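Consider the predicted model shown here, with its sequence.

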Number of protein chains: 2
Amino acid sequence: MADILVVGSLAYDSIETPSGKVDRALGGSANYFALASSLYTGVRVVGVVGDDYEAKDLELLTSRNVDTTGMTVQKGKTFHWSGYYQGDLNEAVTRSTELNVFEHFNPNLPQNYRDSQFVFLANISPDLQLKVLEQVTKPLFVGMDTMNFWIDSKLNDLKAVLKKVDVVLINEGEAMSLTGAHNGIAAAAKLCEMGPKALVIKRGEYGFVLYTQADGFFILPAFPLPEVIDPTGAGDTFAGGFFGYLASLNRAPVAQDLREACVKGTILASFTIQDFSVRSLAKVTPRDIETRLAAYRKVISWH
Amino acid sequence: MADILVVGSLAYDSIETPSGKVDRALGGSANYFALASSLYTGVRVVGVVGDDYEAKDLELLTSRNVDTTGMTVQKGKTFHWSGYYQGDLNEAVTRSTELNVFEHFNPNLPQNYRDSQFVFLANISPDLQLKVLEQVTKPLFVGMDTMNFWIDSKLNDLKAVLKKVDVVLINEGEAMSLTGAHNGIAAAAKLCEMGPKALVIKRGEYGFVLYTQADGFFILPAFPLPEVIDPTGAGDTFAGGFFGYLASLNRAPVAQDLREACVKGTILASFTIQDFSVRSLAKVTPRDIETRLAAYRKVISWH
């Protein structure tokens, strides 16, 4: 299996949902991604934290054999996001975003990270995503996420990244913003014309759409859960499961690999949303995954 | 195979979508339902139209061997709905609803309809739905649809109908309104506690959720279409395909039958939304269905 390089945010989140709230709980795309992908393969993390970052939060990653030598600690505070969800939990409302040490994040890859074959550029500024790619010597499979903020403010850089990646994992609404399409299906085909060979549209409680020009559409629902505690990190968890599985195969992914990877991502994301922060994800075992995969197979079983 | 009895609206719709508009085009739940279900079995329609109802619209049903002796023509105008859709087409905005002869609709079943074993109560007032059931002598499998208007105005009657039906087919938002649940998954289980043995939640572009206490969840996406012309009637078409398939089996449906019926409904609904009014649905052939089923199988194929 190959190690994955992930570059993204390491954060503390203060979150309120109809089920309760947490204050300064572990979050950030790179944390969710690394916890999920480390269930399948080795992971190398690049990110920045403040001197308030707690030792136990670093140890959570190292206990999973995540390589954290690319994490830098800077004087100041860790990125802090505060927000809440209402009603159907489909959209987070931001109360405050304190970038803190993340504001001047400049990803610099340790020498031993530069040969990473599987690379995931989590939702950070597209010019930083480009900087990361310049430092990777022989990537085999590169993925990225993005968000409306970058679509609105750095579209040219974003378009340049799109031309350099193999797969984009993106929320449905953002795929529609980026392409001007009125639904996720139309957005998928349009987005693939912008560069990537494969596209995964994340639909939250409605599951995912995988699209490749060669294999067409693969669409399945999310795992059904009557109660969602906190949807934060579900998309990054999906990406972690997706990439972790692909890297564990140690080859250039073929169509069937991408389908399987989407299911793995869906299953892992279903654990994340069952508790606040990374609480549930941090406890998931391979056996939990197998049990849920079997239940999911029944949910989508037509014949 | 058994004949289905359907009671619902027969209407003219004036519809505007981003793709264009139509004026006084054929619509109404019973028309969509009958056109879809008649691809699988015999159908008996109960409804009322005005003296402006065109002969060709009646002939469309009779040409499909739909029994229209339960349709009555009254002096006055046919039910007319006018509305439009914007952007993602997920919700219709009503411009006007002219009930006309439908206002005093009082379903009276012809004698030869009363032995119908498969009965579908489309979205009409729940007290009328109850009146229909009183006239049916030996129903084997009864289904219903409803909407927010009845949830808000006739909840007690609606609860009484729920206790007398085998399956409810309902939009996700309405399932949430009716149960107070925050998502469709939680709503499914709660709704089944109100009476029906099976529940189908219609999720529009996101597909459907089938739930039964015995078999649990069966969830699949809609057939992917990059362009939707007019979503009107998709839910009634789904119901028609669902019931038509079940009636063609001529037995009390088992779990696997319900799963297959949902797929049939999904496929038929995908034709309806590809043109205005019943234009596309009226032309669908068994071969079209087989071709699209094969494409759908690939879209959802995990292994």
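This report covers a sheet, an interface and a residue.

The model is predicted: local features need pLDDT of at least 70, side-chain atom pairs count only at pLDDT 80 or more, and totals for chains, interfaces and linings use all residues. Residues are numbered from 1 along each chain as its sequence is written, while chains are lettered from A and ligands numbered from 1 in the order in which they are written.

In chain A, four strands make up an open sheet of mixed pairing, ordered E3-E2-E6-E7. Strands are DSSP runs of E with at least two residues, helices are runs of H or I with at least four, and both are numbered from the N terminus; two strands pair if DSSP finds at least two bridges between them. E3 (20–27) and E7 (92–98) of chain A each have a single partner strand, so one side of each lacks a neighbour in the sheet. E6 (residues 79–85) of chain A runs antiparallel to E7(A), and six bridges join them. Tyr84(A) has Val93(A) as its bridge partner in E7(A).

Between the chains, 28 residues of chain B are in contact with 28 residues of chain A, contact being C-beta atoms, placed from the backbone, within 7 Å. Elements of chain B that give two or more residues to this side are tabulated below.

| Element | Residues |
|---|---|
| helix H7(B) | 184–192 |
| strand E13(B) | 216–220 |
| helix H9(B) | 255–272 |
| helix H10(B) | 286–299 |

E13(B) provides the largest share, five residues.

Ser153(B) lies in helix H4 (residues 148–153) of chain B. Its C-alpha is 9.5 Å from that of Ser125(B), 28 residues apart in sequence.

Technical notes
Two residues are in contact if their C-beta atoms, placed from the backbone, lie within 7 Å.
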